[in-house]
Amino acid sequence: MDGEIVGDVILTMKGIDKSFPGVHALKEVDFDLRKGEVHALMGENGAGKSTLMKVLTGIYSKDSGTITFEGQEVNFTTPKEAQDIGISIVHQELNMMNHLTVAQNIFIGREKMNGKLINDKKMNEEAAKLFERLNININPAEKMGNLTVGKQQMCEIAKAISRDAKVIIFDEPSAALTEAEIDELFKIIRDLREKNLGIIYISHRMDEIKVITDRVTVMRDGEYVGTLITEKCTKDDIINMMVGRVIYEDPKEKSNVPDDAPVVLSVKNLNAGKMVKDVSFDLRKGEILGFSGLMGAGRTETARAIFGADKIDSGEIFVNGEKVVIKSPQDAVNAGIGYLSEDRKRYGIIVEKTVAENTTMASLDNFANGLFIDKAKEKEAAVEYVEKLKTKTPTVDTKVVSLSGGNQQKVVIAKWLVRDCDILIFDEPTRGIDVGAKSEIYHLMNELVAQGKSIIMISSELTEVLRMSDRIVVMCEGRKTGELSIEEASQEAIMRAATLRN
Amino acid sequence: MEKSVEKKTRAMGTQKLVAIVAMVALFIFFSIFGKGFFKYSTIVSVFDSAYYIGFMAIGVTFVIITGGIDLSIGTLCICCSLIGGTLYQAGVPMAVALILIIVIGGVFGLANGLMVSVMGLPAFIATLGTMMITRGLGSIVTGTASVSFPMGDEAGAWFKNIFKFQPDWLPQNMAAGIPTGFILLIVLAIIMAIILNKTRPGRYILALGSNKEATRLSGVNVVKWETLAFIISGLFAALAGISYAAINVTLMPGTGNGFELDAIAGVVIGGTSLSGGVGSIAGTLIGVFIMAILKTGLPFVGLQPHYQLFITGFVLIIAVFADVANRKKQGN
């Protein structure tokens with residue numbers, strides 16, 4: 001077996017453990033990397049890949065376990081220590097100073113000096129040499145912010161190489177790249193492998209993993225699952241390892257929506273920005289339509305476009321068969337669409353206001369007496385919905401900040417119900433909510449559809465999607481790559497569609 | 001090739017271009033329509049009214065580049081001089097008093113910097129607090145009495161020559177004196193521009209203003225350099241205080257409010273972005289001079305100086321709007 005992977009081991013992580021308040025993020029994780037190999041690190045969202053890499057690069061400190069680099073045990077407390085010893089990371093979110101030039105970015109913290117003054121000319125020359133070696137065409141004196149994302153990524157790589165890195169970590173490098181840029185990236189990675197560097201490659205794209213990597217390590221729920229030799233395994237082997245957890249929730253067996261239920265929302269060929277490409281789907285009365293996909297698949301962006309929060313470039317939206325033009329959230333709300341943001345605290349509620357004030361926020365016109373707000377009427381409505389939704393709050397005059405996550409979520413739901421919204425978009429409805437409250441939210445969603453409301457539920461948890469949805473739309477890179485009835489849906493089928501490129 | 005040149009001009013900022021055009025246009029306007037504007041004594045008084053705001057503006061440019069703000073410089077500038085002047089009246093030699101003024105400015109700058117970079121207070125709040133503290137402190141130290149700096153033949157009056165050199169032997173047409181303060185302003189502006197653009201501290205201040213987290217992850221000590229920006233701001237506020245004392249002689253406690261906004265307006269007119277990452281000392285000087293020309297020039301066309309505020313407001317809004325509109329056009 002080992003005959004195929006020949007390089008010496010350069011890096012070993014053993015028994016890495018890391019907890020955050022309330023979350024056991026890494027449980028005794030093992031990982032090793034050889035010189036001259038490209039080693040994929042895979043797993044679902046939240047499996048712990050990025051956390052493991054942050055421990056490796058000194059951004060987080062580990063609770064226990066050992067890291068051995070070139071035979072020496074190391075213990076990094078700052079990113080700089082990891083960089084100095086030869087471990088560099090190309091971050092998923094590009095870490096660039098857009099106002100500085102390319103060369104200034106590459107040599108930040110290690111400027112070439114001319115006495116006390118910075119020698120920008122020398123830095124430009126060195127950067128040009130570096131680009132020449134990598135066969136990239138970038139002007140070192142250009143401002144970073146003027147480059148395409150792909151070129152910026154190349155600069156990050158050049159920066160890592162210029163630090164004499166022996167190990168380079170790529171955290172989802174291809175997410176924002178075009179086809180041609182990915183080819184260029186792979187050329188560079190192959191070149192680095194030739195030069196005997198160790199490469200860790202994090203990606204969700206199955207095709208890429210097969211093309212560029214030598215081994216694959218899979219993580220799940222913060223645990224090490226196993227390591228495979230890429231040549232000897234199939235896509236399905238990897239997917240099975242990624243989703244193979246015990247399923248705690250019983251999936252829904254069949255749709256509760258009658259066959260003749262009318263279509264309440266129809267989206268046709270929606271395009272918005274870079275993340276929503278030609279998306280079409282129907283939502284029927286009384287239906288929970290699950291939106292699944294990996295992080296960055298464009299689900300939230302689709303929801304925001306439908307809700308008028310982001311600009312729609314093209315496409316049509318029909319509500320109850322009538323074409324509507326949605327240019328702002330106000331238009332969407334008037335059409336009866338309510339949006340429950342994944343980031344509740346930022347976009348959903350006003351934490352320093354009371355339950356009653358939040359409840360009437362979207363429909364104040366109905367609670368106004370001329371210029372003044374009718375406090376009694378407001379309270380009445382709030383009490384009604386607190387009872388209906390079983391919101392746990394001492395009074396409706398309690399500030400929302402003191403409620404639990406699940407009950408805050410209920411206040412947001414009440415807000416849209418008061419507004420008479422028949423179409424509700426739930427974006428990660430149970431994120432940051434504890435298990436008990438979770439099933440209460442599920443119960444509530446089922447009750448809402450039973451009353452004839454229709455729900456779009458965006459969720460990154462496959463079990464949640466399978467438990468709640470009547471039908472599932474799967475997205476990948478801004479496109480709809482699958483639509484599954486609940487009968488035919490399974491974790492594997494969703495995962496396959498979610499990693500389908502184009 | 002052409003494309004990159006075009007991009008460069010865009011990166012320079014429409015704002016600065018607008019500022020330069022506005023400055024030249026104003027100067028020409030007043031020279032043509034203002035009776036007696038274009039003469040030596042008037043030019044000198046333009047410079048005179050630019051020193052203290054100019055020093056403050058150079059200093060606060062560094063803070064604004066980090067993405068922060070320093071509201072305390074106006075009252076700090078007066079507070080430092082009140083303390084220095086009180087010490088001088090109590091018998092401390094002028095040279096020592098001047099050094100102490102600068103030190104006090106630096107200490108308050110350090111305090112602002114630590115509150116923002118270490119304690120994590122928003123710069124607006126931290127420096128608003130320091131603004132109130134320094135304003136109050138000036139009154140406490142002086143017992144709410146005004147403080148007069150020496151003038152004429154008095155022993156300590158030599159320091160005024162730093163800002164205005166008026167020896168007897170000057171020819172009649174130069175009786176307004178040699179604006180040495182202007183020379184000092186320019187020299188310091190050049191030095192600070194070199195520090196900003198050509199040294200590590202300047203580079204790191206620009207970098208952290210552009211993307212603090214990225215700068216930190218590059219192994220740069222962002223706490224240190226952010227603090228330094230506030231120290232520079234404090235030191236220049238103190239220097240502004242000395243120049244203000246040199247020109248105005250008598251200082252009242254409780255004043256200085258609003259100077260900071262003049263300085264910040266100058267910085268912004270000059271093209272430094274309030275969101276950080278971009279800025280230039282030359283631009284700041286241009287912004288400050290626009291305001292000084294307006295202040296001095298308006299009476300020559302028959303308008304009272306308070307029209308300066310009225311018109312500066314428009315210049316400020318137009319300059320920033322030009323930049324915002326341009327950025328929108330570029331799509332970022």
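# Briefing on a predicted two-chain model

For chain B, an unreviewed UniProt entry lists residues 17–38, 50–83, 90–108, 174–196, 228–251, 263–294 and 306–325 under "transmembrane region"; positions follow the numbering used here, feature names are shortened, and such annotations may be inferred rather than shown by experiment. This is a predicted model, in which local features need pLDDT of at least 70 and side-chain atom pairs count only at pLDDT 80 or more, while totals for chains, interfaces and linings use all residues. Residues are numbered from 1 along each chain as its sequence is written, chains are lettered from A and ligands numbered from 1 in the order in which they are written, and side-chain values use heavy atoms, with hydrogens and water left out.

**Annotated spans of chain B**
- Residues 50–83 of chain B are 76% helix and 0% strand, with end C-alpha atoms 23 Å apart; helices (H or I, at least four residues) and strands (E, at least two) are DSSP runs, numbered from the N terminus.
- Residues 90–108 of chain B are 79% helix and 0% strand, and their end C-alpha atoms lie 23 Å apart.

**Sheet in chain A**
- Six strands form an open sheet with mixed pairing, in the order β18-β21-β22-β15-β23-β24 of chain A; two strands pair if DSSP finds at least two bridges between them.
- Its edge strands, each pairing on one side only, are β18 (337–340) and β24 (479–485) of chain A.
- Strands β15(A) and β22 (residues 454–458) of chain A run parallel and are joined by 4 bridges; A:Gly290 has A:Met457 as its bridge partner in β22(A).

- A:Glu287 is in the loop between β14 (276–284) and β15 (288–292) of chain A.
- A:Glu287 counts as buried because its relative accessibility is 1%; buried means under 20% relative accessible area, exposed over 50%, partly exposed in between (1.4 Å probe, protein chains only).
- A polar atom of the A:Glu287 side chain lies 2.9 Å from the backbone nitrogen of A:Arg284.

**Positive phi values**
- A:Glu28, in strand β2 (residues 23–34) of chain A, has a phi near 50 degrees and is exposed at 53% relative accessibility.
- A:Asn196 has a phi near 75 degrees and is partly exposed, at 44% relative accessible area.

Conventions. Polar contact = N/O pair within 3.5 Å; in protein donor to acceptor, adjacent residues only side chain to side chain.
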